[in-house]
Amino acid sequence: MAKRLTEVAHSWEERYHLSDAQALYLHIPFCARRCFYCDFCSAASHTDNPALERYITVALSELQALEHEGLLDSCATAYIGGGTPSLMGERLIPLIQEVRACCTGEFTSEANPDFVTPELLQEYRKAGLTRISFGVQSTSDQELHDLGRIHDERTALQALKWGQEVGLTVSADLMCAIPDQTSKSWQTSLKQVLSTGIEHLSVYPLMIEEGTAFGRRYGVEDYPSWNNPDVQAMRMEEAAKVAGPFGFHRYEVASYAKPRYECAHNKIYWTGLPYLGVGCAASGMVTRKGYARLRRVYPQLPQLENDAFRIRLTNTTKIEDYLHLTQACDLHFDIEALTARQTLAEDLMLACRMQKPLDPILVSYARDELGDTFDTAVHREQAEGLLNERLKPTHQGWLLGNELFSHMWDLAGDRQTQLISV
């Protein structure tokens, strides 16, 4: 079995030549009802829909093809997202077991509070799950109704406790800058969720996207008063103040954890390590070497230009087509190829999401590759108060995160990334 990067890496460049994945994402695109803000790939379904069983069968087949090629030999973390994975009930267990056979570490599934029982959570844990992430969003019944959520406060808080009782690490998602939310109700949601004893919290402002019910209702050009950038920033600041006394530290723009409970899977996304996706709308990111191996699983993937250094792929197969899939060559993908310079700029941009100084190994590599251009950019960020002398995002850098991220991406140069659809 291949060694993981953390066991062998001595330079940042080594991760750019790994030929297998360090993480796996699996997408379950079914929900009981589509929330008003949702723009994810999902379809409304009842729990006895035969399509659910068929989807798992196809996803297992796709997963096994990746395993057979050895692309998951170094897989350290896995994450099942949606949609609502818990809508699958016990159907999800074979997929969990298959993933656990190739994934040695942290293994998370998303869940909605209204589709779990203590018995189901216990079965998931026995099958190999180690972590559960509940989409709570709010503990105000009025706010939940406004968002189109099905569960209520009691159901949400009960699910968080059930997850802990069966031995899973529990994370909760909360959403701010939403209709009817006040500073008081936001802090109440935070305190109620944190008081249950969970280990991890993600908080994020509502984004009103085109094609959603909220997009049609409120438009996507102007912010409603309850969602404007000042309100978003204020709510995120309030979250930091509330979470601290509960023993949580902020380790990423939108993520808080108790000591030793940071999400290892998400940190793989933010630190330039390759990962693969399975299922409709699932995304992956591989090196050039990894892409060459992936083409043996998906022969429809095209040969790329010689300077393609990092390749991002998203499965664009429609749900109804995925259900009838008989061979991997029938899958469709959007492909984005980055040059070496674009890859480095992306890693610098993603590193600025973290609540710690830029990795010295990354900084050394950036200086080797970009020379004075990198130091000039750093000095500008420091002069604007976005980075401190340790190259750590400042409080101002977090509040103006999009500005800091944009400046780091500017190091990629003017060339556009290569886009292909197959």
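This is a predicted model: local features need pLDDT of at least 70, side-chain atom pairs count only at pLDDT 80 or more; totals for chains, interfaces and linings use all residues.
User: Why is Leu174 called buried?

Analyst: Leu174 has a relative accessible area of 0%, and buried means under 20%, while exposed means over 50% and partly exposed lies in between (1.4 Å probe, protein chains only). Leu174 is therefore counted as buried.

User: Which residues does Leu174 touch?

Analyst: Leaving aside residues up to four places away in sequence, Leu174 touches several residues, among them Val136, Gln137, Trp186, Leu190 and Leu201, where a contact means heavy atoms within 4.5 Å. Gln122, by comparison, is 52 residues from Leu174 in sequence and 24 Å away in space, C-alpha to C-alpha.

User: Why is Ala281 called partly exposed?

Analyst: The relative accessible area of Ala281 is 28%, a value that falls in the partly exposed range, so this is the class given to Ala281. Ala281 sits in the loop between β11 (275-278) and β12 (283-287), and it too has a positive phi, of about 70°, although it is not a glycine.

User: How do you know that Glu238 is buried, and what does Glu238 touch?

Analyst: Its relative accessible area is 11%, so Glu238 is placed among the buried residues. Glu238 belongs to helix α9, residues 229-243, and touches Ser183, Trp186, Gln187 and Leu190, not counting residues up to four places away in sequence.

User: What makes a set of residues the largest nonpolar core, and which members touch the most others?

Analyst: A nonpolar core is a set of buried Ala, Val, Leu, Ile, Met, Phe, Trp, Tyr and Cys residues joined through side-chain atoms within 4.5 Å. The largest such core has 85 residues, of which Leu24, Phe134 and Leu201 touch the most other members. Helix α2 (residues 50-68) gives the most to this core, with nine residues. A second, separate core of 25 residues includes Ala351, Cys352, Leu358 and Ala366.

User: What joins Gly82 and Gly83?

Analyst: A cis peptide bond joins them, with omega at about 20°. Gly83 lies in the loop between β4 (77-82) and α3 (93-102).

User: How do you know that the protein is as compact as a globular protein of that length?

Analyst: The secondary structure of the protein comes to 17 helices and 15 strands. The radius of gyration, taken over C-alpha atoms, is set against the globule rule of 2.2 Å times the number of residues to the power 0.38. For 422 residues the rule gives 22 Å, and the protein has 21 Å, close to that figure, so it is as compact as a globular protein of that length. Of these 422 residues, 56% count as buried.

Note on methods. Residues are numbered from 1 along each chain as its sequence is written. Side-chain values use heavy atoms; hydrogens and water are left out. Helices (H or I, at least four residues) and strands (E, at least two) are DSSP runs, numbered from the N terminus.
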